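Colleague: Hi! Could you walk me through this model when you have a minute?
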Amino acid sequence: MAGDQDMFDAVVMADERFHGEGYREGYEEGSSLGMIEGRQHGTLHGAKIGSEIGCYQGFAFAWRGLLHSCATERDSKKMKVLEALIGMIQKFPYDDPTYDKLHEDLDRIRGKFKQVCVPHISLS
């Protein structure tokens with residue numbers, strides 16, 4: 001009878017042991033795949049944001065160069081907005097993936113870019 005009890009305990013313990021081993025192996029595999037997938041996702045979205053900001057910066061530099069040749073009051077106001085946009089872009093934390101206000105700053109840059117692009121129509 002004691003032999004039967006030991007065999008029963010061995011079966012029950014084997015099930016628990018295999019369950020624990022399977023859980024650990026699955027957790028390790030999932031963690032590894034999660035890191036790989038997370039890096040790929042971050043690289044893709046980081047590249048998109050970098051490309052977007054680079055487009056804004058190129059636009060702002062080109063317009064700043066063109067507006068330097070003009071001296072009207074309206075162009076000086078546009079120049080101030082362009083300089084503000086360039087300043088925001090230059091302060092953007094490209095190399096800090098943990099920056100908690102990244103999306104807020106990106107939205108501000110987008111808003112400033114839209115402000116630069118708004119045509120100022122004179123009705124005179």
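Modeller: Happy to; we can start with the salt bridges and then turn to the UniProt domain. This is a predicted model, where local features need pLDDT of at least 70, side-chain atom pairs count only at pLDDT 80 or more, and totals for chains, interfaces and linings use all residues. Residues are numbered from 1 along each chain as its sequence is written, and side-chain values use heavy atoms, with hydrogens and water left out.
Colleague: How many salt bridges does a search of the whole structure find?
Modeller: The search finds 5, a salt bridge being a side-chain nitrogen of Lys or Arg within 4 Å of a carboxyl oxygen of Asp or Glu.
Colleague: Which residue does Arg110 meet in a salt bridge at 2.6 Å?
Modeller: That's Glu52, N to O. Arg110 sits in helix H3 (residues 102–117) and Glu52 in helix H1 (residues 2–67), so the pair ties together parts 58 residues apart in sequence. Helices here are DSSP runs of H or I, at least four residues, numbered from the N terminus.
Colleague: And what does Asp107 pair with?
Modeller: Asp107 bridges to Arg110, with the closest N and O atoms 3.2 Å apart. Shared partners join Glu52, Asp107 and Arg110 into one network.
Colleague: Switching topic, which domain does UniProt list for residues 22–60?
Modeller: The unreviewed entry gives "Essential protein Yae1 N-terminal". The span is 100% helix, and its end C-alpha atoms lie 56 Å apart.

Notes: UniProt positions renumbered as here; feature names shortened; annotations may be inferred. Helix = DSSP H or I, 4+ residues; strand = E, 2+ residues; numbered from the N terminus.
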